[in-house]
Amino acid sequence: MKKNFAIAAVCAAMLLTGCSGGNSSSQSASESTPAASTAEAIKTAAEKADALMAEVTFSGEMVAVDADTMELRLGFTADGISDYAVYICGSGAYPDEFGIFTADSSEKADEIKTALEKRIESQKATYTDYTPEEMYKFDDCFVKQDGNTVYYAVTADNTKAADILG
């Protein structure tokens, strides 16, 4: 009995030491980098929106646009969208807004991109006279499409917004 216990203990020790060899830990470190990148790439729209809200300063209070008002505000329905997060300035006094949408099809993604481009042009026309000091936010604003994902931003730091949303 003691002999079986001793053999089991030696086997367990060999298994543990075999798993913690010097080369395999450096190999794991290099292998974990792509996995970490993949994890970053699959963040949900809400997680990306939260990150953007934490990193970029907005002029007014930002409020979420829900599925019921998406068509009225943005020009397209939530039908055919599997994941999204979109925020606009709640008071309407500032042009700040951003969103990220994952469409179920390339046709829906194209529809979203076209509608957002029209919205930005309309917003530019509105804010030119309303708050001309805010027009710099349109200088490098963007609407981008990556496969079925569409994202856009009109913020004080559109470069940072693109990095976070893209």
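So, Phe58: buried or exposed? Phe58 is buried, because its relative accessible area is 14%, and buried here means under 20%, exposed means over 50%, and partly exposed is in between, with a 1.4 Å probe and protein chains only. Before I go on, this is a predicted model, where local features need pLDDT of at least 70 and side-chain atom pairs count only at pLDDT 80 or more, while totals for chains, interfaces and linings use all residues. Residues are numbered from 1 along each chain as its sequence is written, and side-chain values use heavy atoms, with hydrogens and water left out.

Okay, aromatic pairs. There are 8 of them in the structure. Rings of Phe, Tyr and Trp (its six-membered ring) pair if their centres lie within 6.5 Å; under 30 degrees between planes is stacked, over 60 is edge-to-face, and the rest are tilted. Phe58 and Phe98 make a stacked pair, with 5.7 Å centre to centre and 25° between the planes. That pair links distant parts of the chain: Phe58 sits in the loop between α3 and β1, Phe98 in strand β3, and they are 40 residues apart. By the way, helices (H or I, at least four residues) and strands (E, at least two) are DSSP runs, numbered from the N terminus.

Phe98 is buried too, with a relative accessible area of 0%. And Phe98 has another ring beside it: Tyr87, with centres 5.5 Å apart and planes at 20°, so that pair is stacked as well. Tyr87 belongs to strand β2 and Phe98 to β3, so this pair ties together parts 11 residues apart in sequence. Elsewhere, Phe76, Tyr84, Phe101 and Tyr152 form one aromatic cluster.

Now the sheet. What is the order of its strands? The sheet is open, has 5 strands, and reads β1-β2-β3-β5-β4 with antiparallel pairing. Two strands pair if DSSP finds at least two bridges between them. At the edges are β1 (62-64) and β4 (142-146), each with a single partner strand, so one side of each has no neighbour in the sheet. On average, neighbouring strands are turned by 15° against each other, direction ignored. Axes here are lines fitted to C-alpha atoms, for helices over the stretch in contact, with angles from 0 to 180 degrees between N-to-C directions.

β1 and β2 run antiparallel and are joined by 3 bridges; in one spot, Met62 has Cys89 in β2 as its bridge partner. Helix α3 (residues 45-55) packs on the sheet and touches β1, β2 and β3, its direction making about 20° with that of β2.

On to the inside. A nonpolar core is a set of buried Ala, Val, Leu, Ile, Met, Phe, Trp, Tyr and Cys residues joined through side-chain atoms within 4.5 Å. The largest one has 23 residues, and Phe76, Phe101, Ile112 and Tyr152 are among those with the most contacts inside it. Which helix gives the largest share? That's α5, with 6 residues. Ile112, leaving aside neighbours within four places in sequence, is in contact with Phe76, Ile81, Phe101, Ala103 and Val150. Apart from this core lies another, of 18 residues, including Ala45, Leu52, Phe98 and Ala161.

Cys89 is buried at 6% relative accessibility, and Cys141 is buried at 17%. A disulfide would be a pair of cysteine sulfur atoms within 2.5 Å, and the count comes to 0.

How values were computed:
Contact = heavy atoms within 4.5 Å.
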